[in-house]
Amino acid sequence: IEDNTAQDIEIIIHLIKGVSPNVTIDALYAFTNCENSISPNCCIIIDNKPEFISVNRLLQYSTENTMNLLKVELEFNLNKLQKNWHISNLEKIFIEYKIYRKIENCTTWQSILVTISKELKPYHKLLKNEISNDDIVRLTELKIKRISKYDSSNQSKKIKKIEDEMKKVSNNLSDIKTYCIDFFKHLLNKYGQNIKRKT
C-alpha cells in the first residue's frame, strides 16, 4: 500500500501476481460504508401485523385507505345533513300549520307530546324519516320569540341549501374515485407549491 495523499486522497495498492483486481475491489468495499444494501421494500403494520411490501403496494394501500376514510367522512356528512333536513322540515310544519297552538290548553307533559304527535301524523308523507319522541320534545323547546319571528321564505331557502348539499355529497359518494383524485389534486395545489421533497 502506497499513500500519496496530498491535497486530494490518493492511495495506491500494489497487488501480487495472480490476484484479481475485481475481487480485491469487492473485498475492500465490504469493509467500508461505500457499499450499502438498499431494499425498496418497506415494513408497515397491516391488521396489527408487520408486513414487508413494495413501494408500489404501499402507495396502492395508502390510496385505498384514504379513499375509505373519505367515504366514511362523506357518509357522516350526509347523515348529518339528513338529520338537519328532517329537523328543519319538522319545525316548518310545526310553525306553518300552527301546531304549537294546539298545545295551549294541554295541562300535562304527556298530553302535550300526544297532541303534537297526533297533529303531525297528516304530514308524515312530507318527511323521509319517522318522527321520534326526541323530535317532538325538540319542538316543545322552540322559543316563542323564534316562532313569532319565523320567516317561511328563509326556512325554505335553508332547506333548499341543505338539499343541494345532500345532492352534492351523494354525487361524491357515488363517484368516490373521482372525489378521491380531486382530493389529492387539492393537496398538491395547496401544499405542493415551492415545497421540495425531503426524501
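**Contacts, helices and loops**

Guide: Asn 89 is in contact with Leu 127 and Ile 159, leaving aside its neighbours within four places in sequence; contact means heavy atoms within 4.5 Å. This is a predicted model, where local features need pLDDT of at least 70 and side-chain atom pairs count only at pLDDT 80 or more, while totals for chains, interfaces and linings use all residues. Residues are numbered from 1 along each chain as its sequence is written, and side-chain values use heavy atoms, with hydrogens and water left out.

Visitor: Where does Asn 89 lie?

Guide: Asn 89 lies in helix H2. Helices (H or I, at least four residues) and strands (E, at least two) are DSSP runs, numbered from the N terminus.

Visitor: Is Asn 89 buried or exposed?

Guide: Asn 89 counts as buried, at 11% relative accessibility. Buried means under 20% relative accessible area, exposed over 50%, and partly exposed in between (1.4 Å probe, protein chains only).

Visitor: Moving to H6, which residues are buried there?

Guide: The buried residues in H6 are Gln 155, Ile 159, Ile 162, Met 166, Val 169 and Leu 173.

Visitor: And what covers the buried residues of H6?

Guide: The cover includes helix H2 (55-96) and helix H7 (176-191).

Visitor: What should the span of helix H6 be?

Guide: Helix H6 has 23 residues (152-174), and at 1.5 Å a residue they should span 33 Å. The end C-alpha atoms are 33 Å apart, which agrees. The expected span is 1.5 Å times one less than the number of residues.

Visitor: Which residue caps the N-terminal end of H6?

Guide: Asp 151 does, with a side-chain oxygen 3.0 Å from the backbone nitrogen of Ser 153.

Visitor: How many salt bridges does a search of the whole structure find?

Guide: The search finds 2 salt bridges. A salt bridge is a side-chain nitrogen of Lys or Arg within 4 Å of a carboxyl oxygen of Asp or Glu. One of them joins the side chains of Asp 164 and Lys 160, at 2.9 Å, N to O. These residues are 4 apart in helix H6, so about one helical turn separates them. Asp 164 is partly exposed at 40% relative accessibility, and Lys 160 is partly exposed with a relative accessible area of 44%.

Visitor: What about Asp 135 and Arg 138?

Guide: Their side chains also meet in a salt bridge, at 3.0 Å, N to O. Asp 135 and Arg 138 are 3 residues apart in helix H4 (residues 133-140), separated by about one helical turn. Asp 135 is buried, with a relative accessible area of 7%, whereas Arg 138 is partly exposed at 35%.

Visitor: Aromatics next. How many aromatic pairs are found?

Guide: A search of the whole structure finds 3 aromatic pairs. Among them, Phe 183 and Phe 184 are edge-to-face, 5.8 Å centre to centre with 65 degrees between the planes. Rings of Phe, Tyr and Trp (its six-membered ring) pair if their centres lie within 6.5 Å; planes under 30 degrees apart count as stacked, over 60 as edge-to-face and the rest as tilted. Phe 183 is partly exposed, with a relative accessible area of 27%, and Phe 184 is partly exposed at 33%.

Visitor: What lies over the face of Trp 85?

Guide: Lys 128 does, at 4.5 Å from the ring centre. A charge sits over a ring if NZ of Lys or CZ of Arg is within 6 Å of the ring centre and within 35 degrees of the ring normal.

Visitor: Now the loops. Where is Ile 131?

Guide: Ile 131 is in the loop between helix H3 (109-120) and H4. At 17% relative accessibility, Ile 131 counts as buried. Not counting residues up to four places away in sequence, Ile 131 touches His 86, Leu 90, Leu 120, His 124 and Ile 136.

Visitor: What is the phi of Asn 48?

Guide: Asn 48 has a positive phi of about 65 degrees, although it is not a glycine. Asn 48 lies in the loop between strand E3 (42-46) and strand E4 (49-53), and is exposed, with a relative accessible area of 75%.

Visitor: And Lys 98?

Guide: Lys 98 is not a glycine either, and has a positive phi of about 50 degrees. Lys 98 is in the loop between H2 and H3 and is partly exposed, at 38%.

Note on methods: Polar contact = N/O pair within 3.5 Å; in protein donor to acceptor, adjacent residues only side chain to side chain.
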